[in-house]
Amino acid sequence: MQKLSQPTHPTCILLLHSCSSVSHLLELHGQILRNHLFFHPLASSRLLSLCASLPLASLRYAHNLFDQIPQKTTHLFNTLIKAYSNSPYRFRSFELFKSMVELNIRPDYFTFPSLLKSCGNLSAGSQIHGHMVKSGFDKDVFSINGLIHMYSLCGQVDHSQRIFYTSTDRDAATWTVLLAGYINGGLINHANKLFDEMPKKEIVSYNVMINGYMKIGSVKMAHELFDEMPMRNIDSWNTLISGYLKCGNINTAIKLFKEMPKKDVISWSTIITGCVQMGFANEALSFFEEMKELGFKPNKPAIVSLLSACSQIGFLEKSIKIHDYIKKNKVEIDSIVGSALIDMYMKCGCTERAFQTFHNLSEKNVICYTSMIYGLGFNGQVSKSMDLFSQMENENIQPNGSTFVAILCACSHAGLVVQALKYFNSMKVKFGIDPRIEHYGCLIDAFCRAGFLHEALNIIELFPNNEILWGNMLGACSIYGNDLIGEIVVKKMLGLKCGFDFDGFDILLANIYSMKGKWNEASEIKFEMELKGFEKKAGYSMIQI
């Protein structure tokens, strides 16, 4: 750490330019204050710029610093407005602009692009546009690009189009921003026309268009455009690979990934996340090992996907190694990563490690509690699930729909009908949550597991066209040998004609008849299955060795 001894003004400026950490910044700030240099315009301006450019934790510090500067300038306001526009606290940009107007400090060309970036709705955007027109800053290319982008994000592509065609000052970014607006608005024909009219197509324009084709499932057109590109960058490859993954074509995505001349962390994150989402957990873990060998560190989405991969295969040893990697590399274990860790350990049957992870979280939200409640129910520890639900209420954390799916599943697996009904009824009455079909499904499952088939049938009839619920109902009839309700269910399913695996349901109904001693009915079903050429497939299971 550099120490300052009676610094001169030029020395301070040079040291501020070389500062790259919050701790160094604090030391320099202290030295500047002690040597009465804080009120020098250049020193205070540079100090604020530095605070605003460092990690998010220093943004509050920057604002406090800003408040202490007596003579506010346009540059100082712009610096802080821009910093907030790149943070989760974008609304503070507007608060600063309001103060700027009240202090009669005139904005400039650098003020409005950051404000437009902060606009989250049409009302705010329109007000900023009005200020731009009033101030005469709505004609330069940066302002035009910002307006086109803002109106597109607010779903007003017609406004974006009007600004584009009435402006005389356009650059390549202007064309690309409108192109992206068309694509995000689902106007692929407009995008095609604009792309053909572009006087100069840059790499980013091609990438936007490729993404547009992939969004509508036009894989062939996207790949053809990719092949036509005179030059490509990493984003070009990432866009095409991501598109193939979203379309479910993992083989082509992996082939393209291996052909990439150069990869970045987004490339690795994209292929890992895509593999996990499509159920190729082992492939994702292999890519992770290769990624580490090449010196790349996964970003947070990739970390969460890797934890999900371990959940899919239930491989505890690998799960522990991934967790150790997270701790070693000081990855922040927030509610998202924490919930993924909990889910991973629960799926591996290691409830102790899940509990330890849960207790170590600095902030526990409804996602974390829901993961724990579901995992405990999944592992047969229903009483602990219910205890956690009560603890969550005591902590004034509001459960959501997913939380109720978790607790209802736990009650269902344990056959706790009374408790399941209690939780189900509390959804609307106590928490104002309207039950969805998945909540009814859990309640039906609880009735079926407890043998209350008539009660379950009454609820299912509220959803006459849901094939999954009727299929589960037939399974329950098979377990309890209820041929009367079983026949009702089969007739209902035959009437739906929704692509059932009827051979599987025929077996269930034949088993029901056999349990009731109705051998003729059972034989008749099996004979019909033989005529259809049905063959029973061998089952299999997997264990970790």
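**Figure 1. Asp-334 and its salt bridge with Lys-300 in the predicted model.** Asp-334 is buried, its relative accessible area being 17% (buried denotes under 20% relative accessible area, exposed over 50%, and partly exposed in between, with a 1.4 Å probe and protein chains only). Asp-334 pairs with Lys-300 in a salt bridge whose closest N and O atoms lie 2.5 Å apart; the term denotes a side-chain nitrogen of Lys or Arg within 4 Å of a carboxyl oxygen of Asp or Glu. This pair links distant parts of the chain, 34 residues apart: Lys-300 belongs to helix H19, and Asp-334 to the loop between H20 and H21. Helices (H or I, at least four residues) are DSSP runs numbered from the N terminus.

The model is predicted: local features require pLDDT of at least 70 and side-chain atom pairs pLDDT 80 or more, whereas totals for chains, interfaces and linings use all residues. Residues are numbered from 1 along each chain as its sequence is written, and side-chain values use heavy atoms, without hydrogens and water.

**Figure 2. The salt bridge between Lys-300 and Glu-332.** The closest N and O atoms of this pair are 4.0 Å apart. Glu-332 lies in the loop between helix H20 (316–328) and helix H21 (335–347), 32 residues from Lys-300 in helix H19 (residues 300–313). Lys-300 is partly exposed at 31% relative accessibility, whereas Glu-332 is exposed at 53%.

**Figure 3. The salt bridge between Arg-436 and Glu-438.** The N to O distance is 2.6 Å. Both side chains belong to partly exposed residues, with relative accessible areas of 38% for Arg-436 and 32% for Glu-438.

**Figure 4. A network of salt bridges.** Glu-289, Lys-292 and Lys-318 are linked in this network. The whole structure contains 15 salt bridges.

Methods. Helix = DSSP H or I, 4+ residues; strand = E, 2+ residues; numbered from the N terminus.
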